[in-house]
Amino acid sequence: MAKFLTSARTVDMLGRQQIAGVPTAVSELFKNAYDAYATSVRADYFPDRRVLLIRDNGIGMTRDDFHTRWLTIGTDSKARDGQRALPLRPAGMPARVQMGEKGIGRLAIASIGPQLLLITRSLSPSANGDVVVALVQWSMFEVPGLTLDDVVVPVRLLDSASDLTREVILSMGDDIDNCLNALGDEVSSVRAAEIRDQLSLLDFDPQPLLRLHGPNLFDHAGSAFLVTPVRDELDAAMEVPDGRDDVAVSPFQRFLSGFTNTMLPDRPAPELGARFVLHTGGSALDLIEPGRFWEPEDFELTDHTIEGEFDKTGSFHGQVSIYGGQPVRFTEPWMAGRGRSTRCGPFKLRFGYVQGSASDSRLSAEDWALMTSKLQRIGGLYVYRDGIRVLPYGNADNDYLEIERRRTLNVGRFFFSYRRMFGAIEIDSDSNPSLQEKAGREGFRDNGAYRDFTDILKNFLVQIAANYFSTTDDRSDEWQVQRDRLKRRASSRAGQEKAEQRAREKFAGQLEKRMNYIESGRLSADLNATLAELDSALFSPNVELSANRRLELERDARRAMDDVAIALDFSKPAELALTSDQEREWLSYKKIAAKGKRELQTARDKATEFVERSEVDAASDAKAAASAARVKRVLATIDAAHAILLNLAADADATLVAMSAHVSELIVAEIGQFDTAMTDVRQILRGTVIKSNVEAELVERIREAENLHSSNISDLSRRSAQMMGDSGTAVERDIILLQEQVLDLQAQIDQNLELMQLGQAVQIVSHEFEASIKSVRAGLQRLSPWARNTPRLAPIVRDLRESFAHLDGYLRLFTPLQRRLYRQTVTITGEEIAEFIQRVYAERISRADLRLEVTSTFRSWRLTGYPSTFYPAFINLVDNAIHWAGAAHKTDGLILLDADESALYVRDNGPGVRPRDRDAIFERGFSRRRGGRGLGLALARELLARENWDLSLEDADGEGASFRLTPIGPG
């Protein structure tokens, strides 16, 4: 009688050689955690040590479970029709649909690394808290000619996870080494040396790893899988493809993002939380944290949403919302099915879509840009079975519904783009049992159920595009009308903004010209020249002046001063909104213009004094002097009336800035008529003796003339204002305030654009460095086989790998400073902040001969927030401290990180902040540093304020500056 023998290589072929890749293998381990009723699974990867640790808080395994289940290929407990059930389920936890189908997913660990240290603690009371430890050397299963009976798997039973030591692990390694010795020539010397090199990597203390944050085996049941050395394929999977890093993610993140369905509203919370933490350069970054994936709130930032269910005949019943409008219910049949029951079964669909052009979208420019960036990273239609993602659907390179292929044929007809949509297709084991995954987990089997599934979805997307998003169907009217309205609004807004920009530029030019006129001293020079000329003409010793000549000299001097007055009476058009910089310039101008007006009034008074003194000198007797006094009063009345008219003219000019030149000419003509009339009066008065009753009559006539022309000017202004509309209404004032706020935001956007350009420059450098890293990594991969076969080369390659990992870690040092689009709050300690600062600035601080001191109070501080908010804030503060402390001290410069019960402090012993700069240092654009952009403190304060923290400058209590970071509310 014959029987099958099982080669050891069967394990390798069913596991490492069959699985689609390392990300898929990690996903399989996460699914195993789900099957074990875990609520949390966490992977920690240390690329510099080539170690991957995956832990869960599931039911764990007893020693018997390990032998009869884990080491049994094709475990029947996971078969759909199996008779054996899982041995235990946590109390109060509902039953879960098991994800594993063949019981071979655990073998995929071999694709991650050649040896596994398994530590598990069972929830079963019979286990008494014992911990089972096993060492699986996967390379043994690659040796040709060996059977499963030839390979040993050392197992230890410990009282506690605390008992797992370096010595215990090394003893299990010795068991495998003894097995190699026993096998003798059945294992080639090259392969035996390779396995022993791998075993040498087990010489480490496992306790620090087991005590990392996350699931632990000291107090709870669960399992831990420690893989070492991790294969280079994991690093390769984590690399971002060539191209723009800001719109790309690594294949690894693509595969593991959205492991559980967190994107749909009105769904229960996921039963399992998954994390994958990368430890490089002393920092820890979760590559798949929930904030990086789609969330229910993201559907509010779409233009169109579609939601519903496909029934057993493939007909869709649901609703569509276009441009956020009222949902419209509809039914779309699957015509190709002709009413038959589908082989795939019923399923649900919900997705959102964002228009490809900002001008076609209802979203704000900022929201559109954010959503576009996120769509380019992780857009797609994901498939979930029982709430767990089915790979690889949703990945950008897996257009399983041929959306982009159809779009390239006819953009107008096939509306949808895979890069502009996101959503979920929900199936379950009960309704869709025929949708079966391939053994390698690279998608569904290409059977009849899968062909129905994809055909139904393809047909639906084509029909919905034709019915609601085309130019030929009446049902598309709402989309066309809304899209055209948005385009017109964008075009109108652009035209209006251009006109306003031209008006602002014109105003800014005029403002600059007038400020230069005053600040350059030309105003003072013109007034002094006018006074000097008048003085010389009135008091020349060899010239006798007639009354008419004296009148002409005075008129010329006053006209020269009127020109100065017109320059000083420059006004801002009421309907014009200014940028913050222009508003600041305008306020500065008003201050120096007020000073100029005082100088002008002084010159006017002095001119009047010159004229009066000249008239007194010319008077021959007291009667003439008395008459001159009366003339003075009459002339003063004329001057006062003239000044009133000038003020009215200035006010009218400010109100009528947009009126035609004709109105301005009428106003000038009114003033000219008054001046002509008054010139006649002045000529009559010169050299004439008048009595008091004549004075009263003249004053009365002057008042009448003043009132007449004032009334004319006011009437012109009023009628012109009516033509322009009431520009002083509260609504317009509100509009102008809003416009000014928009301009401030645009200015901030411009500044943020500068930061983005700097960030892009850094990304370019980082990208080029990353390309070099890829070359080094590829070289190390090519060297690895030689190193395994050449003992003298092995330590050299190991040193190169460690140095390379250190360099790679420094490149990843700034990952906590990434943008805020995908993230969640974490606990941050003062110790972590201090270590981060020291890693970033250690060399610069040493080079500047400064000291960085951190108090114990600071190190013990704990806060909850986003690293991308707090790390950059401290980076900016310490950067400033290094600059100013280094500039003020050659040897004893100090930077201090301190804290008390209520706040954190960054202090230095530099020159401090000047009193007049205390408020300005937090304004964008203000900087006293040469070449500084004036953005660091402003951005730090703004970002902290969003997290309910305040950044302030403490009152100076000695030398240096002291910045205080204070929580001001919950956050």
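In which strand does arginine 862 lie? Arginine 862 belongs to strand β18, which covers residues 862–865, in a model that is predicted. The protein chain as a whole contains 24 helices and 22 strands, and 47% of its 971 residues count as buried.

**Confidence and overall picture**

- The mean pLDDT of the protein chain is 79, and a value of 70 or more is reached by 71% of the residues.
- Among the elements of the protein chain, the highest mean pLDDT, 96, belongs to strand β2 (residues 51–56), while the lowest, 57, belongs to helix α19 (residues 730–789).
- Over residues 77–84 the pLDDT falls below 50, and this stretch has 15 contacts in the model beyond near neighbours in sequence.
- When contacts between residues at least 6 apart in sequence are considered, 74% of them join residues at least 24 apart.

**Arginine 862 and its surroundings**

- Arginine 862 counts as exposed, because its relative accessibility is 57% and the cut-off for exposed is over 50%.
- Although arginine 862 and threonine 829 are 33 residues apart along the chain, their C-alpha atoms are separated by 4.4 Å.
- Once neighbours within four places in sequence are left aside, the contacts of arginine 862 are with Thr827, Ile828 and Thr829.

**The loop between β14 and α10**

- Asparagine 395 is placed in the loop that runs between β14 (388–389) and α10 (403–409), and proline 392 lies in the loop between β14 and α10 as well.
- The peptide bond that leads from leucine 391 to proline 392 is cis, with omega near 0 degrees.
- Asparagine 395 has a relative accessible area of 2% and is therefore buried, given that buried means under 20%.
- Apart from neighbours within four places in sequence, asparagine 395 is in contact with Arg254, Phe255, Arg389 and Tyr418.

**Another cis peptide bond**

- The peptide bond from threonine 228 to proline 229 is cis, and its omega is near -10 degrees.
- Proline 229 is located in the loop that connects β6 (222–227) with α7 (232–238).

**Residues with positive phi**

- Arginine 50, which is found in the loop between β1 (40–46) and β2, has a phi near 60 degrees, a positive value in a residue other than glycine.
- With a relative accessible area of 9%, arginine 50 is buried.
- Asparagine 948 is not a glycine either, yet its phi is positive at about 65 degrees, and its place is in the loop between α24 and β21 (949–953).
- The relative accessible area of asparagine 948 is 31%, so this residue is partly exposed.

**Helices α13 and α14**

- For a pair of packed helices, the description rests on the angle between the axes and the distance between them.
- The axes of helix α13 (residues 522–538) and helix α14 (residues 547–568) cross at roughly 175 degrees and come within 10 Å.
- This angle makes α13 roughly antiparallel to α14, because angles over 145 degrees count as roughly antiparallel.
- On the side of α13, the residues that meet α14 are Leu523, Leu527, Thr530, Leu531, Leu534, Ala537 and Leu538, and their partners in α14 are Arg550, Leu553, Glu554, Ala557, Ala560, Met561, Val564 and Leu568.
- By class, the residues of the contact of α13 with α14 comprise 12 nonpolar, 1 polar and 2 charged.

**Helices α23 and α24**

- Helix α23 (residues 867–888) packs with helix α24 (residues 936–946) at an angle of about 150 degrees, and their axes are 9 Å apart.
- The two helices α23 and α24 are therefore roughly antiparallel to each other, and their crossing is left-handed.
- To this contact α23 brings Thr869, Phe870, Ala873, Asn876, Leu877 and Asn880, whereas α24 brings Gly936, Leu937, Ala940, Leu943 and Leu944.
- The contact of α23 with α24 has 7 nonpolar and 4 polar residues, and no charged residues.

Terms used:
Residues are numbered from 1 along each chain as its sequence is written. This is a predicted model: local features need pLDDT of at least 70, side-chain atom pairs count only at pLDDT 80 or more; totals for chains, interfaces and linings use all residues. Side-chain values use heavy atoms; hydrogens and water are left out. pLDDT is the predictor's confidence in each residue, from 0 to 100. Helices (H or I, at least four residues) and strands (E, at least two) are DSSP runs, numbered from the N terminus. Contact means heavy atoms within 4.5 Å. Buried means under 20% relative accessible area, exposed over 50%, partly exposed in between (1.4 Å probe, protein chains only). Axes are lines fitted to C-alpha atoms, for helices over the stretch in contact, and angles run from 0 to 180 degrees between N-to-C directions. Angles under 35 degrees count as roughly parallel, over 145 as roughly antiparallel, 65 to 115 as roughly perpendicular and the rest as oblique. A crossing is left-handed if the near helix is turned anticlockwise from the far one by less than a right angle, and right-handed if clockwise. Ala, Val, Leu, Ile, Met, Phe, Trp, Tyr, Cys and Pro count as nonpolar, Asp, Glu, Lys and Arg as charged, and the others, Gly among them, as polar.
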